[in-house]
Amino acid sequence: MSTEALLQRVARYYAGRLAEHGPTPRGVDWNGEESQRLRHAQFLRLLGGEPEASVLDLGCGYGDFLDFLRAQGHRGAYAGWDVAPEMIAAARARHGEGEGVCWHVGATPDAPADYAIASGVLNVKGETGEAEWAEYVLGVIETLAQAGRRGFGFNLLSLSSDPEKRRPHLYYADPAGMLRHCLDRYGRHVALLQDYGLWEFTVLVRRG
Ligand SMILES: C[S@@+](CC[C@H](N)C(=O)[O-])C[C@H]1O[C@@H](n2cnc3c(N)ncnc32)[C@H](O)[C@@H]1O
């Protein structure tokens with residue numbers, strides 16, 4: 001399947017969740033607000049000390065990370081990107097646009113920010129085969145690396161999860177393999193967090 005077709009499938013999936021649940025955590029396929037915010041909080045280790053830094057949020061959904069950032073005192077420019085036009089419409093309706101906030105439909109940002117993050121974009125592989133999705137994941141990580149001048153971060157469901165709890169339409173990555181990949185490709189300033197109580201890990205990469 002071409003990347004374009006794959007992205008269209010992803011966009012349709014999330015548009016369906018939004019149509020069913022509205023701009024809520026369930027509308028972006030999370031179980032609830034608590035875990036959504038816990039995921040957001042992992043990215044503070046990357047950008048929390050720099051309230052003026054610009055942030056690009058790939059797979060922004062209806063823009064919950066922007067609410068989170070502003071509540072943390074972050075004042076830098078924010079750009080939200082999402083492959084689902086319905087998500088971007090919901091984000092615009094919620095936050096408006098201008099004064100350092102902009103929204104874009106798409107999966108390939110056309111301008112970098114200081115930091116690029118992606119929360120939850122790599123999990124739902126649907127019918128896509130493991131190998132094809134694994135390759136797609138590395139491509140999205142490369143997109144993030146290009147989009148974050150000073151660093152980037154993302155999360156993935158973990159193969160450290162209990163096998164009987166895994167679900168066939170979701171993608172689970174090997175944390176050690178992903179750490180190796182990021183060290184080899186993006187340099188030594190890499191953190192992998194898998195201690196926050198969800199079935200996943202967050203990778204943070206600071207450019208040297
Ligand atoms: C699980 S939701 C998370 C939304 C948001 N990051 C949050 O945590 O509230 C994933 C979002 O990423 C979008 N998405 C998935 N893959 C994408 C990609 N490759 N590029 C841009 N958006 C993507 C989906 O349309 C969906 O809105």
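Which strand does Gly80 lie in? Gly80 lies in strand S2, residues 78-82. Strands here are DSSP runs of E with at least two residues, helices are runs of H or I with at least four, and both are numbered from the N terminus.

This is a predicted model, in which local features need pLDDT of at least 70, side-chain atom pairs count only at pLDDT 80 or more, and totals for chains, interfaces and linings use all residues. Residues are numbered from 1 along each chain as its sequence is written, and side-chain values use heavy atoms, with hydrogens and water left out.

Start with the whole chain. The protein has 7 helices and 8 strands. Its C-alpha trace spans about 45 × 40 × 35 Å along the principal axes. Of the 208 residues, 49% are buried. Buried means under 20% relative accessible area, exposed means over 50%, and partly exposed lies in between (1.4 Å probe, protein chains only). Contacts are counted when heavy atoms come within 4.5 Å. Among contacts between residues at least 6 apart in sequence, 65% join residues at least 24 apart.

Back to Gly80. Its relative accessible area is 0%, so Gly80 is buried. Leaving out residues up to four places away in sequence, Gly80 touches Asp57, Cys60, Ile88, Cys102, Trp103 and His104. Leu66 is 14 residues from Gly80 along the chain, and their C-alpha atoms are separated by 8.5 Å.

One of those partners, Cys102, is found in strand S3. Cys102 is partly exposed, at 26% relative accessible area. With residues up to four places away again left out, Cys102 touches Tyr78, Ala79, Gly80 and Glu97. Ile88 is 14 residues from Cys102 in sequence, and the C-alpha atoms of the two are 9.8 Å apart.

Next comes the loop between H4 and S2, where Gly76 lies. Gly76 counts as buried, at 4% relative accessibility. Beyond residues up to four places away in sequence, Gly76 touches Pro51, Glu52, Ala53, Arg70 and Gly100. Val137 is 61 residues from Gly76 in sequence and 28 Å from it in space, C-alpha to C-alpha.

Now turn to the helices. In H2, residues 33-42, the buried positions are Ser35, Gln36, Arg39, His40 and Gln42. These positions sit on the same side of H2, because they cover an arc of only 160° around the axis. The arc is that of the directions from the helix axis to the C-beta atoms. What do the buried residues of H2 pack against? Their partners are helix H3 (44-47), helix H4 (64-71), strand S5 (148-158), strand S7 (190-193) and strand S8 (200-206).

Take H4 from that list. Its buried residues are Asp64, Phe65, Leu66, Phe68 and Leu69. Two packed helices are described by the angle between their axes and the distance between the axes. For H2 and H4 the angle is about 60°, and the axes are 10 Å apart. Axes are lines fitted to C-alpha atoms, for helices over the stretch in contact, and angles run from 0 to 180 degrees between N-to-C directions. The crossing of H2 past H4 is right-handed. A crossing is right-handed if the near helix is turned clockwise from the far one by less than a right angle, and left-handed if anticlockwise. At the contact, Gln36, Arg37, His40 and Ala41 in H2 meet Asp64, Phe65, Asp67 and Phe68 in H4. These contact residues divide into 3 nonpolar, 2 polar and 3 charged. Ala, Val, Leu, Ile, Met, Phe, Trp, Tyr, Cys and Pro count as nonpolar, Asp, Glu, Lys and Arg as charged, and the others, Gly among them, as polar.

Finish with the backbone. Most residues other than glycine have a negative phi. Asp29 has a positive phi, near 75°. Asp29 is placed in the loop between helix H1 (3-21) and H2. Its relative accessible area is 29%, so Asp29 is partly exposed. Glu99 is not a glycine either, and its phi is positive at about 50°. Glu99 belongs to the loop between helix H5 (85-95) and strand S3 (101-105). Is Glu99 buried or exposed? Glu99 counts as exposed, at 83% relative accessibility. A glycine, Gly73, follows H4 and has a positive phi near 95°.
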